[in-house]
Amino acid sequence: MAIPARSLPGMAALALGAVGSLLVGAAPAQAAIDSDRVMGLCLAGFNAAMAAARKTAPPGMGDFTCKCFLEQVSNNASLDQARETCRTRAAAQFTVK
């Protein structure tokens, strides 16, 4: 059973926001170069948020969520839009225990 997007840990949203702030003002080439670093930070934040919420994310959820976020931001979505879109998609795709 999928959980509602609003039930995903708030810290995961904060982690995505913090990662997204790294992209603000970055030149397109610089953003592309730093995508691996941003992905690593996003995954670390995601994992920390899940641990703090005492939840177990299913395999692949962190990658799915962070890739979605990077894709959304790369396509000029605002950080809030990217966060909400990816939270909703992850909640529909995965079950958190």
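**A first tour**

Modeller: Gladly! Along the sequence, the protein chain follows the pattern α-α-α-α-α. Please keep in mind that this is a predicted model.

Colleague: How many helices and strands does the protein chain have?

Modeller: The pattern along the sequence reads α-α-α-α-α. The count for the protein chain is therefore 5 helices and 0 strands.

Colleague: What percentage of the residues of the protein chain count as buried?

Modeller: A residue counts as buried when its relative accessible area is under 20%. The protein chain has 97 residues, and the share of them that is buried is 39%.

Colleague: Let us look at helix α4. What should its 14 residues span, and how far apart are its end C-alpha atoms?

Modeller: Helix α4 covers residues 61-74. The expected span is 1.5 Å times one less than the number of residues. For the 14 residues of α4 that gives 20 Å, which agrees with the distance between the end C-alpha atoms, 20 Å.

Colleague: Which residues in α4 are buried?

Modeller: An α-helix has 3.6 residues a turn, so residues three or four places apart point the same way. In α4, the buried residues are M61, G62, T65, C66, C68, F69, L70, Q72 and V73.

Colleague: How do the axes of α3 and α4 cross: are they parallel or oblique?

Modeller: Helix α3 spans residues 35-52, and its axis comes within 9 Å of the axis of α4. The two axes cross at roughly 130°. Because of that angle, α3 is, relative to α4, oblique.

Colleague: Which residues of α3 meet α4, and how do the residues of the contact divide?

Modeller: From α3 come S35, V38, M39, C42, L43 and F46. Their partners in α4 are M61, G62, D63, T65, C66, K67 and L70. By type, the residues of this contact divide into 8 nonpolar, 3 polar and 2 charged.

Colleague: Now the loops. Is R54 buried or exposed?

Modeller: R54 sits in the loop between α3 and α4, and its phi is positive, near 55°. Most residues other than glycine have a negative phi. Exposed means a relative accessible area over 50%. R54 has 78%, so it is exposed.

Terms used: Residues are numbered from 1 along each chain as its sequence is written. This is a predicted model: local features need pLDDT of at least 70, side-chain atom pairs count only at pLDDT 80 or more; totals for chains, interfaces and linings use all residues. Side-chain values use heavy atoms; hydrogens and water are left out. Helices (H or I, at least four residues) and strands (E, at least two) are DSSP runs, numbered from the N terminus. Buried means under 20% relative accessible area, exposed over 50%, partly exposed in between (1.4 Å probe, protein chains only). Axes are lines fitted to C-alpha atoms, for helices over the stretch in contact, and angles run from 0 to 180 degrees between N-to-C directions. Angles under 35 degrees count as roughly parallel, over 145 as roughly antiparallel, 65 to 115 as roughly perpendicular and the rest as oblique. Contact means heavy atoms within 4.5 Å. Ala, Val, Leu, Ile, Met, Phe, Trp, Tyr, Cys and Pro count as nonpolar, Asp, Glu, Lys and Arg as charged, and the others, Gly among them, as polar.
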